[in-house]
Amino acid sequence: MTDYRRLRVALLGAGAVGSQVAALLRQHSAELADRAGAVLELVGIAVRDLDAPRETDLPRELFTTDAETLIVGSDIVIELMGGIEPARSYLLQAINSGADVVTANKALLATHGPEIFDAADQVGAEVYYEAAAAGAIPIIRPLRDSLAGDRVQRIMGIVNGTTNYILDRMDKEGAEFADVLADAQALGYAEADPTADVEGYDAAQKAAILASLAFHTAVPLDAVHREGITGIDKGMMDAARKAGYVIKLLAVCERLTGEAEASASGEAISVRVYPALVSREHPLASVHGANNAVFVQAEAAGNLMFYGAGAGGVQTASAVLGDVVSAARRHIAGGVGVGESTLANLPVVPIGRVTTSYQITLEVDDQPGVLATVAGILSEGRVSIATLEQTVIDDPAPGAADGGAARLVIGTHKAREQDLSDTVDRLAASGVVERVVSVLRVEGD
Ligand code: NAP
């Protein structure tokens, strides 16, 4: 047997992901040693409760509640506790004591990424975080390494499995949001408190991480525009289906060019999370259930799609172990970390300056001249109509004009978000519009 050097590996956390990482490190130790060129010796696992049941069979003597002591002298520290503190302090301690670190902690990286990366740069350590965005799907390394010689123009990601599961079932079964959410909670796809998923916070953290890498810019979480899926109802789903679309919660990270963009390079970026209409022909429309996918458009490479399990203990453990092998290889080779030398630091524009197409659904009075009024307001607001479909409503809402009511579904050409929202306000106040049923962006067209 090859006489490998031993590397001390400390694991912080033994929950859904950590317990699987520990088990795989032990089960596949010989093979991992051959891949890494070093024996990866799991020297301890820090947890809160020594007596808590674990999902995998692990020797009790590995467990400790003293993370700080465990970190001392470790070559690689894997942080799988989640949350901001004490995860942040432990990672900084590990970096400053000479370890390379692996983490899956999107919440921490989206809020304190620059601090952690700077600390690593100072001492020549490396931070690996493949599992922090889209779970098992390799997307961090492709963005950081494989596409480093290309220019990413746009990323559209389905990066939250819970919301994709809910929207997919609403689409397939014609079900209401609240019913599918309750089911998802009973099946364990959604948390008892689903806010982080359904309000788009989890997707926004991943969007910040992906955009930071893709555009070589530290994107703060509060620069990410975020909307969740709680406003999506069966009517919107049905209308989307009829029009050849499906509604997906998307994380969109986009490079903007043009004279309106204020940076010295004439470029800026937009990072946003919202439910959007996606053509049923688009590859993202075929992402079903709790799966994730990241669709990347790069200048030279063209369109690439990365697809698979965005969560799950053992699936996520695969990404973590890949990082551990990389960390071990680098630790043996020595030298400084492979971070970027200079960031582009492109400005992140507010949502009002973003340009997309929209689908606006209105209930209007079914009277002569109404269409002309609506078209006039749109044109004054610099929103140009691409498609328009009118249907008579059989049971109009109370208060509709005597002539009855009609539903207008207006597809627009690309328009500025601020222009569009001002125009929708004017339509709502115009006297001919009974109700703005929905306004949805169209992405990927
Ligand atoms: P989890 O099941 O809640 O497990 C957390 C573990 O950390 C537990 O073992 C817990 O100890 C330990 N821990 C928490 N606070 C601690 C503290 N102060 N001191 C010592 N130990 C502490 O979490 P998870 O689902 O495995 O997620 C871990 C990380 O992976 C998170 O950052 C998460 O966002 C990320 N991630 C998870 C998934 C997934 O599918 N679950 C996917 C992608 C990324 P006790 O067991 O003793 O309470």
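Modeller: Contact means heavy atoms within 4.5 Å. Leaving aside neighbours within four places in sequence, Glu 443 is in contact with Arg 154, Met 156, Leu 250, Val 252, Arg 272, Tyr 274, Ala 276, Leu 277, Val 278 and Thr 356. This is a predicted model, where local features need pLDDT of at least 70, side-chain atom pairs count only at pLDDT 80 or more, and totals for chains, interfaces and linings use all residues. Residues are numbered from 1 along each chain as its sequence is written, and side-chain values use heavy atoms, with hydrogens and water left out.

Biologist: Is Glu 443 buried or exposed?

Modeller: Buried means under 20% relative accessible area, exposed over 50%, and partly exposed in between, with a 1.4 Å probe and protein chains only. Glu 443 has a relative accessible area of 1%, so this residue counts as buried.

Biologist: Which side chain does the side chain of Glu 443 join in a polar contact?

Modeller: A polar contact is a pair of N or O atoms within 3.5 Å; within protein, one must be able to donate a hydrogen and the other to accept it, and residues adjacent in sequence count only if both atoms are side-chain atoms. For Glu 443 the partner is Arg 272, at 3.0 Å.

Biologist: Which polar backbone atoms lie by oxygen atoms of the ligand?

Modeller: One belongs to Ala 14, 2.8 Å from a ligand oxygen. Others belong to Gly 15, at 3.1 Å, and Val 17, at 2.9 Å.
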